[in-house]
Amino acid sequence: MATSLAKIEPQIEEEDRTAMTKDAFKRAFLDNLFYVQAKFPALATQNDYYQALSYAVRDRMLRRWISTAALYTKQGSRTVAYFSAEFLMGPHLGNNLINLGIYDEVRQAIAELGMNLDDLLAQEEEPGLGNGGLGRLAACFIDSMATAEIPALGYGIRYEFGIFHQEILDGWQIEKTDKWLRRGNPWEIARPEWAAEVKLGGYTEQYRDEQERLRTRWVPHKTVVGVPYDTPILGYRNNTANTLRLWKAEAPESFDFAVFNRGDYYGAVNQKVSSENLSKVLYPNDEQIQGKELRLEQQYFFVSCSLQDMFRIMRVQKIPLDRFHEKFAVQLNDTHPAIAVAELMRLLLDEHVLSWEQAWSITSRTFAYTNHTLLPEALECWPLELFNRVLPRHLQIIFEINARFLDIVRVRFYGDEERLARLSLIDEHGERYVRMAHLACVGSHAINGVAELHSELLKQDVLKDFFELWPERFGNKTNGVTPRRWIVLSNPRLTRLICQAIGDTWIKDLSELNRLEPLAEDREFRSHWRAIKHTNKCEFANFVRSCTAITIDPHSLFDVQVKRIHEYKRQHLNILNVISLYHRLRSSPNIDIVPRTFIFGGKAAPGYRIAKLIIKLINAVGDVVNTDPAVRDQLKVVFLPNFNVSNGQRVYPAAELSEQISTAGKEASGTGNMKFSMNGALTIGTLDGANVEIREEVGAENFFLFGLTTDEVVALKHRGYRPQDYLNGDLAEAIDLIRSGFFSRGDPELFRPLIDALVYHDPYLAFADFASYAQCQESVSAAYRDPDRWTRMSVLNAARSGKFSSDRTIKEYCVDIWKAPPVPVKLLSQEEVKVGFLQ
């Protein structure tokens with residue numbers, strides 16, 4: 001490799017600094033290695049090569065980025081501000097190569113330099129700035145906004161440490177620090193000149209200003225500084241490059257010399273340490289009061305920084321304050337940023353001296369709220385005492401919003417005191433709480449769920465009172481995922497086959513995949529489709545062996561459940577069926593089954609004991625099954641450690657059966673189900689979340705349905721659900737096998753908390769759905785025995801997945817909620833850029 005690189009002297013001409021030709025790219029690569037990394041081939045590491053490549057790619061993004069910013073600034077374009085506490089972006093390099101349209105050229109250029117592009121792609125540290133679906137959805141959305149040429153800013157937090165790195169030790173989840181910034185991040189640019197100051201704690205006082213107006217002053221206990229770090233987000237093969245702006249917390253003064261000189265060395269840097277905690281780690285464990293306080297401070301920190309930044313943008317673009325809601329459409333991605341409603345009011349009232357009526361008119365026309373959960377415990381509520389300690393001025397504003405809101409409710413629902421208590425922004429039962437979802441609903445002009453079923457359940461249950469008050473505010477926006485990352489980048493073989501068959505316009509309009517439908521009847525096309533799936537499985541099997549030392553058979557059915565570990569997602573239902581299947585094989589060795597590899601992956605919240613026990617059980621079953629010579633050619637169980645975006649890109653193209661088995665009425669949408677389907681996996685699932693719409697799109701005959709419906713779940717619980725009534729037959733055998741200590745080296749106590757939770761409570765009805773699930777799995781096996789039938793179903797799943805592109809979702813938001821038209825960008829020439837700087 002060093003020899004190949006040494007043949008090219010570091011040199012670069014100004015006119016081809018961003019040229020897309022192969023030779024120009026090779027020169028740029030060497031130039032960055034030399035001038036940015038300060039290395040030459042004999043000393044360079046793989047990370048140096050990755051960094052040099054990334055900077056070469058970034059150079060080719062910057063002209064788009066500057067051209068986009070220049071146009072938005074000149075026109076004062078209406079802009080979507082997407083507020084999200086999580087952005088689970090995944091690795092940038094591969095996605096940027098795809099969106100620039102230079103993936104193949106760069107692969108060839110790197111090969112000619114004696115390297116493998118895949119090796120360099122593997123060097124990128126994945127920024128784990130999200131827990132799962134919420135953050136990944138935000139990432140898909142900002143990709144789609146750039147592709148649709150919608151002016152947009154993604155606002156969030158630049159966590160120093162993202163979601164933990166998961167290791168499996170003796171079957172248990174071990175959490176390790178995610179040091180994603182340890183080797184630098186070539187994609188971001190710090191903007192300290194746009195830093196914002198954020199107040200926390202303290203008290204408020206009233207005073208009269210020069211015009212004798214009674215005003216409120218917030219005297220904070222401390223202030224922190226938010227420094228923005230910007231990352232360009234490219235549209236697919238267009239000139240748009242929007243911005244993801246993430247905030248890092250810093251102290252106003254990093255070092256106190258006076259304290260240091262008194263000999264208090266720790267105290268001299270204490271403010272710096274305390275301030276930087278705000279953006280130190282994604283979602284601190286909030287079981288303790290300190291964790292709750294830090295989490296509230298985090299949410300307020302990024303919201304305040306972002307709103308102040310938006311006021312700065314308005315000043316630069318010379319847009320009057322009273323047009324704030326015309327300039328910006330702010331989308332609240334779940335309840336985490338809901339404090340933005342009170343913060344915008346504070347800024348308008350206290351900093352810009354608007355009247356309450358003026359401020360509320362702007363605020364209530366600025367925000368829209370997306371709800372992401374049907375679990376009441378996930379709707380954030382803050383103890384009043386804690387809220388007052390952290391944000392005293394905001395609590396006053398929330399009290400006033402609530403008083404005015406309840407006046408409306410009293411008139412609308414005369415005499416209904418119970419409704420008044422349910423709708424109040426303050427929960428008065430026991431310890432008083434601020435209800436953040438209620439604040440979001442009152443302060444937003446639009447409220448949406450993320451799947452048709454979810455949106456209906458919001459109106460019928462979780463937000464029923466708000467729907468009856470303001471039905472016109474409610475709508476549905478079924479989630480979607482970006483096909484650029486989840487097909488083009490993840491599954492290049494399938495991408496090539498589809499492009500050969502129908503062209504490449506489907507990459508920006510996924511509905512065009514329906515042109516594949518006739519090819520489901522084409523024997524030769526099915527043969528190619530099946531061969532690609534098998535090659536993907538072989539590749540994935542090699543990956544599994546490298547990270548788990550488990551050998552899996554690519555000829556077996558790859559049955560996959562990868563998602564956050566939670567009881568409502570019912571990984572325990574899946575593993576109970578595996579145990580039942582194992583028991584039947586051992587009891588009747590001659591039965592004929594379809595060989596299966598059961599693949600699990602996902603992280604459990606560090607404080608979620610039962611979820612961590614489920615991971616242990618999956619691994620314990622795998623330890624027994626995978627080493628039992630009587631079944632190891634028929635069954636394998638794999639737990640894929642540290643499931644993240646990168647591993648998702650490996651598993652979705654290889655999967656054949658997608659497990660979407662949550663209790664009906666509990667999953668808001670799900671997006672993994674969409675990624676599986678568009679890569680040709682078949683779904684076994686309940687009528688929950690977006691499963692309902694996937695089944696409608698792909699056809700009931702191409703979907704394996706089981707389980708109780710939402711109405712049946714409610715009815716069963718109303719009658720009085722007794723899990724023991726379902727504990728018989730295969731299920732009883734499986735539970736007895738766990739209880740006996742068979743999977744715990746003879747220790748009957750290890751899994752007792754999990755088994756007792758199921759036998760005596762089973763809040764998510766795993767036992768009630770077990771028989772239906774096991775029977776449905778038999779239907780899966782029957783279909784898999786007919787390769788032509790299975791492949792036909794696989795093709796149709798992909799061909800009919802067009803609805804589930806995030807491009808479609810974003811277009812609906814733009815039309816129905818944001819009223820944000822596309823703004824096509826014309827690339828500025830280098831000369832125009834220079835002239836712009838000189839003027």
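Visitor: What should I know about the model before we start?
Guide: The model is predicted, so local features need pLDDT of at least 70 and side-chain atom pairs count only at pLDDT 80 or more, while totals for chains, interfaces and linings use all residues. Residues are numbered from 1 along each chain as its sequence is written, and side-chain values use heavy atoms, with hydrogens and water left out.

Visitor: Good, let's look at a helix. What makes H4 largely enclosed by the rest of the structure?
Guide: Buried means under 20% relative accessible area, exposed over 50%, and partly exposed in between, with a 1.4 Å probe and protein chains only. Eight of the eight residues of H4 are buried, so the helix is largely enclosed. They are Leu-93, Gly-94, Asn-95, Asn-96, Leu-97, Ile-98, Asn-99 and Leu-100. "Helix" here is a DSSP run of H or I with at least four residues, a strand is a run of E with at least two, and both are numbered from the N terminus.

Visitor: Which elements do the buried residues of H4 pack against?
Guide: Their partners are H3, helix H5 (103-112), helix H6 (117-121), helix H7 (133-147), strand S9 (222-234) and helix H20 (483-489), where contact means heavy atoms within 4.5 Å. Just after H4, Gly-101 has a positive phi of about 75°.

Visitor: Why is H3 called oblique to H4?
Guide: The axes of H3 (residues 46-75) and H4 (residues 93-100) cross at roughly 40° and come within 11 Å. That angle makes H3 oblique to H4. By the cut-offs, angles under 35 degrees are roughly parallel, over 145 roughly antiparallel, 65 to 115 roughly perpendicular, and the rest oblique. The axes are lines fitted to C-alpha atoms, for helices over the stretch in contact, with angles from 0 to 180 degrees between N-to-C directions.

Visitor: In which hand does H3 pass H4, left-handed or right-handed?
Guide: The crossing is left-handed; the term applies if the near helix is turned anticlockwise from the far one by less than a right angle, and right-handed if clockwise. On the H3 side, the contact is made by Tyr-50, Leu-53, Ser-54, Val-57, Arg-60, Met-61 and Arg-64, and on the H4 side by Leu-93, Asn-96, Leu-97 and Leu-100.

Visitor: How many nonpolar, polar and charged residues does the contact of H3 with H4 have?
Guide: The contact has seven nonpolar, two polar and two charged residues. In this scheme Ala, Val, Leu, Ile, Met, Phe, Trp, Tyr, Cys and Pro are nonpolar, Asp, Glu, Lys and Arg are charged, and the others, Gly among them, are polar.

Visitor: What makes a set of residues a nonpolar core?
Guide: The members are buried Ala, Val, Leu, Ile, Met, Phe, Trp, Tyr and Cys residues joined through side-chain atoms within 4.5 Å. In the largest one, with 115 residues, Phe-83, Met-145, Phe-387, Phe-405 and Trp-818 touch the most other members. Helix H10 (residues 289-316) gives the largest share of this core, twelve residues. A second, separate core has 82 residues, including Ala-52, Ile-102, Tyr-103 and Ala-541.

Visitor: Which residues does Trp-818 touch?
Guide: Not counting residues up to four places away in sequence, Trp-818 touches Arg-78, Val-80, Met-145, Ala-329, Gln-331, Ile-810 and Tyr-813.

Visitor: How do you know whether Ser-306 is buried or exposed?
Guide: Ser-306 has a relative accessible area of 0%, so it is buried. This residue lies in H10 and, leaving aside its neighbours within four places in sequence, is in contact with Phe-83, Tyr-155 and Trp-247.

Visitor: And is Ser-304 buried or exposed?
Guide: Its relative accessible area is 1%, so Ser-304 is buried. Ser-304 also lies in H10, and it touches Val-198 and Glu-343, not counting residues up to four places away in sequence.

Visitor: Is Lys-318 buried or exposed?
Guide: Lys-318 has a relative accessible area of 72%, so it counts as exposed. This residue sits in the loop between H10 and helix H11 (324-327) and has a positive phi of about 55° although it is not a glycine.
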